[in-house]
Amino acid sequence: MKQFKSVFRNFIPTIILMVACFFMPVSSKAENTLNNDSIEISLLTCSPHDAIYSLYGHTAIRYKDLRTGGDWVFNYGIFNFKKPFFALRFALGKTDYELGVVPFYIFQKEYQRFGCQVNEQLLNITYEDKINIINALEDNYRPENKVYRYNFLYNNCTTQSRDIIVNNINGHVVYNAISDDKKSFRDEIHRYTKEHPWAAVGNDLCLGLKADCDITPEEKQFLPENLMNDFDNAQIISGNSSKPLVKSNRIIISKQDINKSATTLFSPTLCAGIFFFITLCISLFDYKRGETCVAWDAFITLLTGLCGLILLLLFFSEHPTTSTNLQILLLNPISLFFIPSVIKKRRTKYWHIYATLILAFLIGCVFQDYAEGMIIVALSLLIRCWLHTQIKTKSA
């Protein structure tokens, strides 16, 4: 999701000063201006672009005061790639994001540069609700509160924006269901990665069995577009009265054909097919000569073992959907312990054990959706296991 790290860093001294000056009169004059509502609060939804962190779009909150000319965007998507062990912390679910504030014109220029469409939904709320939201944002922006523990599926820039709005409205927000289709987190993610196959493979390798369970309409709101659509169909229920949550919609930045879809000559399926072909050819040659290729066995054992270490690490992640990942049956870290035996061609039960794990992996595809090409890889490795049961290796 979109971040403004570089922009925020360059403007931080000015922003802090301007925000401080801006917020002080809001709190002190709230009662005096109750009958002179010049404030607009709106939800901004940005379409995806090709940067890996923005394949799913972005959500922010806009505050505009028609009387003073103040126009600000509150963005819960600030993060820093340069923090120590960022990738490791992200994998373990220990990534911290924070709330940032930028003038609207900076936000506008940033998304115009990416060619993204930005939709604005003006909220149909009272002045009291607006002040409550502003005060909540002000409180969130305090140094001790601005940082939060990020989770892509459950606590991201979109869910943070949603919660700050719906939790500070007098009344109850009810979402009218658009569709009764059963979807999982993986289904929702696939809608945005279908033109980015390697990003999809990375996601599917990390996501486990829980990512294939049906999710609630509210859980689908981790995606900006889903939240936007739900807001369009939402009602604010207060006592016996109700009204639409959104007063009006407009496109404030039109989509431009600047970014092209990610294209790659070597798709995951093609690469898996090449791996299968090479494995089959080497195995046929080995079968005829009655001896296994040490280099190829060592390569696949090392590769599957290292990938297995990553999956094992994700079992201990705070991300609730990365545990119980059946793909660890195929990409298994135990393989690393057998590399010496494979290199020395010692007799070992490893290939029998691995064949059993691969068969369990193939059965598991009934319960979990695997990454693209993984079934082909499994069949390739099963051929190799079969070969080792046919060719005798020397004893230790």
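Tutor: Arg142 and Asp139 form a salt bridge through their side chains, at 3.4 Å from N to O; the term denotes a side-chain nitrogen of Lys or Arg within 4 Å of a carboxyl oxygen of Asp or Glu. The model is a predicted one, in which local features need pLDDT of at least 70 and side-chain atom pairs count only at pLDDT 80 or more, whereas totals for chains, interfaces and linings use all residues. Residues are numbered from 1 along each chain as its sequence is written, and side-chain values use heavy atoms, with hydrogens and water left out.

Both partners of this pair are partly exposed: Arg142 has a relative accessibility of 39%, and Asp139 has a relative accessible area of 37%. On this scale, buried means under 20% relative accessible area, exposed over 50%, and partly exposed in between, with a 1.4 Å probe and protein chains only.

A further salt bridge joins the side chains of Arg149 and Glu318, at 3.5 Å from N to O. Arg149 belongs to strand β6 (residues 147-149), while Glu318 sits in the loop between α10 (294-314) and α11 (339-343), so the pair ties together parts that are 169 residues apart in sequence. Here helices (H or I, at least four residues) and strands (E, at least two) are DSSP runs, numbered from the N terminus. Arg149 is partly exposed at 34%, and Glu318 is partly exposed at 40%. Elsewhere, salt bridges with shared partners link Asp286, Arg289, Glu291, Asp297, Lys345 and Arg384 into one network.

Within helix α3 (residues 104-114), Arg113 and Glu110 are 3 residues apart, about one helical turn. Their side chains meet in a salt bridge at 3.2 Å, N to O. Arg113 counts as exposed, with 52% relative accessibility, whereas Glu110 counts as buried, at 8%. Over the whole structure, the search finds 19 salt bridges.

The nonpolar cores complete the setting. A nonpolar core is a set of buried Ala, Val, Leu, Ile, Met, Phe, Trp, Tyr and Cys residues joined through side-chain atoms within 4.5 Å. The largest has 49 residues, of which Ile41, Phe74, Ile165, Val173, Phe231 and Leu245 touch the most other members. Helix α4 (residues 127-140) gives the most to this core, contributing 6 residues. Another core, of 24 residues, lies apart from it and includes Leu330, Val342, Ala355 and Val377.
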